[in-house]
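Morning, everyone. Please have the sequence and the model open while I talk.

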Amino acid sequence: MIQSAATVMERCEILGAISEESGILVRPYGSESMRRVNEIVAGWMRDAGMTVRSDAIGNLIGRYEARKEGGGTLVLGSHLDTVRDAGRYDGPLGVLVALACVECLNASGERLPFAVEVAAFADEEGLRFGTTFLGSSAFACTLEPGLLDLTDGDGVRVAEAVHAFGGDPDALARADRSPNDLIGYCEVHIEQGPVLERLGLPVGVVSAIQGQSRVGVGFVGEAGHAGTVPMEGRRDALPAAAEFVLAVEEAARRQEGMVATVGTIEAHPGAGNVIPGEATLSLDLRHGDDGVRGSALQALRERAKEIARARSLESSWRVRQESKAVPTSPDLTELLARAVEEIGLPAHRLPSGAGHDAAEVAAIAPVAMLFVRCERGISHNPAESVEEEDVAVAVETISRFLALLAGERG
Ligand code: GLV
Ligand code: MN
Ligand code: MN
């Protein structure tokens, strides 16, 4: 497992150097860097005895056949896209640990009673279109057709991007596979939080993934000359956006368990001596209880309208994404916990504050997740860091999980 972990770490470095921009890691859906990464990972998959295909959105899927046909398929995986100025492990670690486990099977010529697929999803972060899980929702056939009309910063529609990436937007509504064949999905991911580090544990077992909403919010007033238009009567869109940002922060601080973030804000037309006629911002709001999240979202929508009214502006509200909270499968999670305990470690259970592909795949299969400790819980940041020894524990846990599942189904 130590050797496998070293390989996983080396590969994270290799993939982490493949970016749209030099100096930072940024790999959005459908980009040239994503194409290169897919080619490299496809090569590693083939070397591990897998057959490789791309589905209708460009998810890369390697398949290691079962001992004999008809035993079903277990899917392991995570994503290969990144946020802007990303770390090297959020996503790729899960794909590469899965691949390492298949390499171990292939090296000893071992076949399981079920096939193992490694899925490398093409969009989890939602960097390009402001909506997450395009890859895994296509895989699970839950991608809402309306999303195909969302546009990126250059006005390119999702459907056009899918086509340009070699996919088939018309096939997205059709299942790539029969869900009856699926035994489950298991994802390894960095924790992205400080809990495991505080407990001194290399890995933990995920109990649930909290729900999230992503909204594009806009305020429209009137642009004008910064020097000549008196303060009285201005219809400046940016102070409205500023007021809304503070309202978001206050709402999340008031509600136990809620986190809310405005991660982007833009003033248009965007010149130092022009009153902003328009301001747009992103809202990301999360809570473990979908009812609480829904009410908070509604309250913030009303707040945006009030802020706009008081300043004689128009406001707009476009929900780009709603993901429900997802509990992990009790059966698969129990098996994962046993695998951790077999190594001699306590199987600490913890919820996930971040979204994961597992949340989408849960629509068609039972899911489980293993978190790997990361330094100071830092993620979505180039300082993301994991220890090779912890990665070795993850490879060993997933290998044992496969063996336990094989024992149950064999
Ligand atoms: C994915 O990283 C998320 O935003 O939760
Ligand atoms: Mn992420
Ligand atoms: Mn991720």
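Some ground rules. This is a predicted model, where local features need pLDDT of at least 70, side-chain atom pairs count only at pLDDT 80 or more, and totals for chains, interfaces and linings use all residues. Residues are numbered from 1 along each chain as its sequence is written, chains are lettered from A and ligands numbered from 1 in written order, and side-chain values use heavy atoms, with hydrogens and water left out.

Now look at where E125 and H380 come from. E125 sits in the loop between β4 (115-121) and α4 (134-139). H380 sits in the loop between β16 (367-372) and α11 (388-409). They are 255 residues apart, so the pair links distant parts of the chain. Helices are DSSP runs of H or I with at least four residues, strands are runs of E with at least two, and both are numbered from the N terminus.

Buried or exposed? E125 is buried, at 8% relative accessible area. H380 is partly exposed, at 41%. Buried means under 20%, exposed over 50%, and partly exposed in between, using a 1.4 Å probe and protein chains only.

Next, ligand 1. Around it are E124, E125, R214, R286, A354, G355 and H380. Near means a heavy atom within 4 Å. A polar side-chain atom of E125 is 2.9 Å from an oxygen atom of ligand 1. For R286, a polar side-chain atom is 2.6 Å from a ligand 1 oxygen. G355 uses a backbone N or O atom, also at 2.6 Å from an oxygen of ligand 1.

Stay with R286. It lies in strand β12 (278-287). R286 is buried, with 13% relative accessible area. Its side chain makes a polar contact of 2.8 Å with the side chain of D284. The R286 side chain also reaches the backbone oxygen of G353 at 3.4 Å. A polar contact is a pair of N or O atoms within 3.5 Å; within protein, one must be able to donate a hydrogen and the other to accept it, and residues adjacent in sequence count only if both atoms are side-chain atoms.

Last, the spaces. The second largest pocket holds about 450 Å³. It has 19 lining residues, and T142, E144, Q321, E322 and E360 are the closest to its centre. Strand β13 (314-323) and helix α10 (357-361) each supply at least two lining residues. β13 gives the most, with six.

That is the tour. Questions, please.

Methods
1 Å grid on protein atoms, 1.4 Å probe; cavity = no way out; pocket = protein on both sides within 12 Å on 5 of 7 lines; lining within 4 Å. Points joined across faces, edges and corners; volume = space filled by probe spheres on them.
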